[in-house]
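Trainee: Can we go through this one together? I'd like to know how the pieces are put together.
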Amino acid sequence: METKSVFLMITGRPNVGKSTLLNALVGEKVAIVSNKPQTTRNRITGIVTDGDDQYVFIDTPGLHKPKNLLGEYMMKAVGSASADADAVLFTVDASVPLNQAEKQALQSYSESGIKRILVINKVDITDKSAILKYIAELSSKYDFDSVIPVSALTGDGITIIWDEIKKFLVPSPHFFPADQYTDQPEKRIVSEVIREKALRLTEDEIPHGIAVGIEEFKERKGVILLRAELYVEKQAHKKIIIGKDGAMLKKIGTYAREDLEKILGARIYLDLWVKVKENWRDRPTYLNSFGYADKP
Ligand SMILES: Nc1nc2c(ncn2[C@@H]2O[C@H](COP(=O)(O)OP(=O)(O)OP(=O)(O)O)[C@@H](O)[C@H]2O)c(=O)[nH]1
Ligand SMILES: [Mg+2]
C-alpha cells in the first residue's frame, strides 16, 4: 500500500483550547495546558500514525500582538508552522467575538487557499444558540472546508475531525517513525511540565514571566535525577513561587514529579530551585538559553 501523510496546524487566539485539542487528537499529553493565556510558547508537534497514514499536528502559540521579544518569537513560530502546514484547524471559542489577529489570520488563509477547518471548541460550556449564531456569522464572511463544534476537554466531536482530516491525506513518505508521538526532546517535556504546574498555581503577571531550565538530567539505578531552575522576573515573584516555608515550591515539585513519573515511566528525584532573571523576555541571551531561539 502507498503511504500517505498530512501536516495540520492548530491555530487561534490564546486560551481557546488548542493544546487541549492537540492532546485529544494524539491521545497523549504532548503540550501543557493551563487557563492562563499564552501558555504555549513554541511550535509543538504531535504525531499519529495509523497504518499507512501519518498525521502530523503542529500546535502553536496563541495569536496575539507581541509586547516583548518572547512574543515576537512566539508569533514567528506561528509563521513557520503556517509555511509547513497542508491544512489548518482554526480553533475558536464561540463565547468571545473574533479579535483583530483572528480576523487577519482567517483572511490570509482564505486568500492562500489552504485547506481549513473551523473548530468551535468548548461546546460543553457554550450556549447552543451562541454557537449557531457564531457559525452563521463566520460562514458568511469566510470559507471553510468544514465547521466542527467540539469539546476538546470531553472528546465530544473529535471523531468528526478525524473523518474530515482523512480527506486531506496525500501520497507521501512518512516523516516520523510509527511509534513516535512528539518531536520534543525529553528535556523539553520535563521543563514544560514543571512550567505547567507553576502556571496553574500562580496568578496575575507571574505566569507570563516564568521559564524553566533543566540543569541536570541523569539516570541512576532506574531513578531519574533532575535538577531544574525556575526563573522569574522579580524578587517579589521569587518569594511567591517559594511560598511560606517553601510550601508553594514543594507543591509545584510534587505535582510535576507525579506527571513526569507517568510520562517517563521511571521514579523521579526532582531538585527545584528558583532564580530571578530580570526582564528575561526582552533579552536574547536568556531567550536562547530557555529554548526560545529563532529556529523553533
Ligand atoms: N470547558 C472546556 N474547557 C476547555 C476545553 N478545551 C480547553 N479548555 C480549557 O481552556 C483552557 C485553555 O486551554 P489550552 O489548551 O491551554 O488553550 P490554548 O489555546 O492552547 O492556549 P495558549 O497556549 O495560551 O494559546 C484550559 O483551562 C483548558 O482546560 C473544552 O473543550 N471545554
Ligand atoms: Mg497552548
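Mentor: One term to begin with: a polar contact is a pair of N or O atoms within 3.5 Å; within protein, one must be able to donate a hydrogen and the other to accept it, and residues adjacent in sequence count only if both atoms are side-chain atoms. The model is predicted, so local features need pLDDT of at least 70 and side-chain atom pairs count only at pLDDT 80 or more, while totals for chains, interfaces and linings use all residues. Residues are numbered from 1 along each chain as its sequence is written, chains are lettered from A and ligands numbered from 1 in the order in which they are written, and side-chain values use heavy atoms, with hydrogens and water left out.

Trainee: Which side chain does D259 join in a polar contact?

Mentor: K197. The two side chains are joined by a polar contact of 3.0 Å.

Trainee: Where is D259, and is it buried or exposed?

Mentor: D259 is in helix 8, residues 247-264. Helices are DSSP runs (H or I, at least four residues), strands are runs of E (at least two), and both are numbered from the N terminus. D259 has 15% relative accessibility, so it counts as buried. Buried means under 20% relative accessible area, exposed over 50%, partly exposed in between (1.4 Å probe, protein chains only).

Trainee: What else is D259 in contact with?

Mentor: Leave aside neighbours within four places in sequence. Then D259 is in contact with K29, V193, E196 and K197. Contact means heavy atoms within 4.5 Å.

Trainee: How far is V193 from P171?

Mentor: They are 22 residues apart in sequence and 36 Å apart in space, C-alpha to C-alpha.

Trainee: Switching topic. What are the domains?

Mentor: The assignment gives domain 1 (4-171) and domain 2 (186-289). Such bounds come from an automatic or database domain assignment. The C-alpha centres of domain 1 and domain 2 lie 28 Å apart.

Trainee: How much area do domain 1 and domain 2 bury between them?

Mentor: About 1500 Å², with 52% of it on carbon and sulfur atoms. I32, K36 and R41 supply 38% of the area that domain 1 buries against domain 2, more than any other three residues. Buried area is the accessible area (1.4 Å probe) that two parts lose on being put together, summed over both.

Trainee: How many residues are in contact there?

Mentor: 14 residues of domain 1 are in contact with 23 residues of domain 2. There are 13 residue pairs in polar contact between domain 1 and domain 2, both residues at pLDDT 80 or more.

Trainee: How many salt bridges cross that interface?

Mentor: Three. A salt bridge is a side-chain nitrogen of Lys or Arg within 4 Å of a carboxyl oxygen of Asp or Glu. The overall count by this rule is 19.

Trainee: Which side chain does K36 meet in a salt bridge?

Mentor: E203, at 3.9 Å, N to O. The pair links distant parts of the chain, 167 residues apart. K36 sits in the loop between helix 1 (18-26) and strand 2 (44-50), and E203 in the loop between helix 6 and strand 8 (211-220). K36 is buried, with a relative accessible area of 10%.

Trainee: What about K29?

Mentor: The side chain of K29 meets that of E196 in a salt bridge of 2.6 Å, N to O.

Trainee: Which salt bridge does R281 make?

Mentor: One with E233, at 2.8 Å, N to O. R281 and E233 are both buried. As for shared partners, salt bridges join K29, E196, K197, R200 and D259 into one network.

Trainee: Last one. Why is strand 1 largely enclosed?

Mentor: Seven of the eight residues of strand 1 (residues 4-11) are buried, so the rest of the structure largely encloses it. Strand 1 pairs with strand 3 (residues 53-59) in the parallel sense over seven bridges. Two strands pair if DSSP finds at least two bridges between them. Four bridges join strand 1 to strand 4 (residues 87-93), also parallel. With strand 7 (residues 170-171), strand 1 pairs in the antiparallel sense over two bridges.
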